[in-house]
Amino acid sequence: MDLVMTGTGSPIPDPNRAGPSQLVVAAGRHLLVDAGRGCLMRLAAAGSGAGALDRVLLTHLHSDHLTDFNDVITSRWIGGFPPAPLDVVGPVGTERLVGDTLAMLGPDIGYRIAHHEDLESGPEVRVQETSGGLVHEDDEVRITSAPTEHRPVHPTVAYRIDADGGSVVLAGDTVPCAGLDELCVGADVYVQTVVRDDAIRHVAIPRLMDVLDYHSTIADAAQTAARAGVGTLVLNHVVPAPAPAHEEELVGRAAEHFDGRILLPADLERIAVSVA
Ligand SMILES: [Zn+2]
Ligand SMILES: [Zn+2]
């Protein structure tokens, strides 16, 4: 199983980091976790794409994690011969989000159905809402979720994917919480979105200060990793994004709390979760 960092950025536009999303390649399936800014460009670079996705897993409905979601729907629809349904998993509210997104795409869907004789209907999106527990299980892949804590954004979930003899947890935005701790126990890889509390306090703009309320700091993520005994901590969605020269220092800050492997990847880095 491989984890491909299709977007390591945050809400702040960055020339080098796409918005938050990750591709997990598990037992040959392509699972997209969140669909931030530029994710289809990064999927193309990773040898994947909307048509290759087995499922889209949404951690929460904040815009930075959804910027390209409508493009995933459209690209899968118009790029499929015939179009295949898109399976989407997300917290309660995802059904409504999908309905609203399809409504927003209404004019475009109408144009394409009118123009292409082989397109008889709009995109088919199948939604599964989850509040925690088993999401999917077959002989090769098991997906579970757990509630996380990102209020006032509520509800939110994290996902764990077990496949190929390995396990990866994709946490999304959350402060440390019991649901996340339970999901992470013994995971090989744990991906956590983080904010840099010292840098944000230094700038001290009130609206930026607000982000400290509902995200993990680097220390929080490292402490969650240590409690759960994970193998590798992946720091993602760092706000503000570090200059390359500062990355080592941030990894060092996590290492004060966690003695496993710590990564702060760039876009399109591929992390082996397990050898199979
Ligand atoms: Zn968020
Ligand atoms: Zn976010």
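1. Leaving aside its neighbours within four places in sequence, which residues is Val169 in contact with? They are Ala158, Arg160, Leu183, Cys184, Ala187, Tyr190 and Val191, where two residues are in contact if their C-beta atoms, placed from the backbone, lie within 7 Å. Val169 also belongs to the largest nonpolar core, which has 69 residues, and is listed with Val24, Val168, Val189, Tyr190, Leu233 and Leu235 as touching the most other members. A nonpolar core is here a set of buried Ala, Val, Leu, Ile, Met, Phe, Trp, Tyr and Cys residues joined through C-beta atoms within 7 Å. In soluble globular proteins, nonpolar side chains tend to be buried together.

2. A word on the basis of these remarks. This is a predicted model, in which local features need pLDDT of at least 70 and side-chain atom pairs count only at pLDDT 80 or more, while totals for chains, interfaces and linings use all residues. Residues are numbered from 1 along each chain as its sequence is written, and chains are lettered from A and ligands numbered from 1 in the order in which they are written.

3. On the overall form, the protein has a radius of gyration of 18 Å, which agrees with the value near 19 Å that a compact globule of 276 residues would have; the radius is taken over C-alpha atoms, and the globule rule is 2.2 Å times the number of residues to the power 0.38. Along the principal axes, the C-alpha atoms fill a box of roughly 60 × 45 × 30 Å. Of the 276 residues, 46% count as buried, a residue being buried if 20 or more other C-beta atoms lie within 10 Å of its own, exposed if 12 or fewer, and partly exposed in between, with C-beta atoms placed from the backbone. Among contacts with a separation of 6 or more, 63% involve residues 24 or more positions apart.

4. The secondary structure comes to nine helices and 15 strands, which are DSSP runs numbered from the N terminus (helices are H or I, at least four residues; strands are E, at least two). An open sheet of seven strands has the order S6-S5-S4-S3-S2-S1-S15, with mixed pairing; two strands pair if DSSP finds at least two bridges between them. Strand S6 (125-129) and strand S15 (270-272) stand at the edges with a single partner strand each, so one side of each is left without a neighbour in the sheet. The twist averages 20 degrees from one strand to the next, with axes being lines fitted to C-alpha atoms, for helices over the stretch in contact, and angles running from 0 to 180 degrees between N-to-C directions.

5. Strand S3 (residues 29-33) runs parallel to S4 and is joined to it by four bridges, and Leu31 has Arg55 as its bridge partner in S4. S4 also pairs in the parallel sense with strand S5 (residues 86-90), over two bridges; here Val56 stands opposite Val88, and Leu57 has Val89 as its bridge partner.

6. S3, helix H1 (residues 39-45) and S4 make a right-handed β-α-β unit, and S4, helix H2 (residues 69-78) and S5 make a right-handed β-α-β unit. A crossover is right-handed if, with the strands pointing away from the viewer, the path from the first strand over the helix to the second runs clockwise. Seven of the 10 residues of H2 are buried, so H2 is largely enclosed by the rest of the structure; these buried residues, including Phe69, Ile73 and Trp77, pack against H1, S4, S5, H3, helix H4 (106-115) and S6. Helix H3 (residues 94-104) lies across S5 and S6, running at about 155 degrees to S6.

7. Most residues other than glycine have a negative phi, and most peptide bonds are trans. The bond from Phe81 to Pro82 is cis, with omega near 0 degrees, and Pro82 lies in the loop between H2 and S5. The bond from His154 to Pro155 is also cis, with omega near -5 degrees. His237, although not a glycine, has a positive phi of about 55 degrees; this residue is found in strand S13 (residues 232-239) and counts as buried, with 28 C-beta neighbours inside 10 Å. Leu268 has a positive phi of about 75 degrees and is partly exposed, with 15 other C-beta atoms within 10 Å.
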